[in-house]
Amino acid sequence: MIGVLIKQRKLSDEVAAHLERMIREGELAEADRLPSERELMRQFGVGRPSIREALLHLSKMGLVEVKSGERARVTRPTPQFVIDALAGPARHMISAPGGVHDFQSARLFFEVGLARNAAVHATPEDIESLKEALELNRQSIGDLARFERTDVDFHYVLAVITRNRIFTAIHAALAEWLLEQRRTTLAKGEDRKAYQAHREIFEAVAARDPDASETAMRSHLEYVAKRYLQLARPK
């Protein structure tokens with residue numbers, strides 16, 4: 001007979017799994033209040049520490065909101081919540097050898113797709129929003145802090161055009177995770193060149209040319225990545 005070691009689950013894990021199933025199957029709807037800790041203790045036959053640990057676990061999953069003095073409330077994890085949960089590991093990965101390159105490649109893959117999508121699906125209102133973002137970017141040339149913000153905003157409009165909350169959350173995350181890269185390249189007087197690249201992207205999108213939009217975005221981000229490696233390389 002082969003011996004198999006079966007790991008016994010903690011009581012808090014059992015409670016969390018049961019409540020998670022109730023939320024997933026709709027027995028507990030968004031904004032519903034969970035029973036009090038005392039009532040949950042009675043229902044599950046466990047102590048207060050197990051209930052609190054279970055609620056903490058569900059809170060980290062974005063399934064409940066726990067506030068002192070109030071009964072826990074059912075929530076739904078948003079795309080931004082998921083991205084925020086990845087922030088710590090992402091920063092650790094960026095700091096590892098080759099980490100910045102990996103994230104630059106991810107950004108390139110992602111934003112090239114955004115540019116193609118915008119050229120095909122952007123509405124006249126979207127084009128106008130992108131034009132306004134481009135103009136604000138132009139006006140901020142010479143003001144590093146302002147240019148940095150309008151740089152992010154221009155790229156953000158391309159993400160908004162997808163009408164997909166996951167894409168806008170990913171864009172915001174990549175912008176934050178690669179902030180040091182953006183600041184390093186722009187700090188060396190590259191703002192005018194970045195604006196020109198944005199202008200080429202805009203013109204391709206406005207012309208409804210997905211291939212030209214992809215080429216313009218790819219050229220822009222490949223240049224940024226190459227420039228960063230030159231500036232960040234130890235002397």
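Helix α3 (residues 48-60) supplies the largest share of the lining of the largest pocket, 4 residues. Helices here are DSSP runs of H or I with at least four residues, numbered from the N terminus. This is a predicted model, in which local features need pLDDT of at least 70, side-chain atom pairs count only at pLDDT 80 or more, and totals for chains, interfaces and linings use all residues. Residues are numbered from 1 along each chain as its sequence is written, and side-chain values use heavy atoms, with hydrogens and water left out.

**The largest pocket**
- On a 1 Å grid over the protein atoms alone, a pocket is an open set of points with protein on both sides within 12 Å along at least five of seven lines, while a cavity is a set where a 1.4 Å probe fits but cannot get out; lining residues have an atom within 4 Å of a point.
- The largest pocket holds about 210 Å³ of space.
- Its lining has 14 residues, with E37, L55, V66, K67 and E70 nearest the centre.

**The largest cavity**
- The whole structure has 2 cavities of 30 Å³ or more, and the largest has a volume of about 140 Å³.
- Among its 13 lining residues, T185, L186, A194, H220 and V224 are the closest to the centre.
- Helix α11 gives the most to this lining, with 4 residues.

**The second largest cavity**
- This cavity has a volume of about 50 Å³.
- Its lining is made up of R107, E111, H155, H171, L174, A175 and R182.
- Helix α8 gives the most here, with 3 residues.

Note on methods:
Points joined across faces, edges and corners; volume = space filled by probe spheres on them. Helix = DSSP H or I, 4+ residues; strand = E, 2+ residues; numbered from the N terminus.
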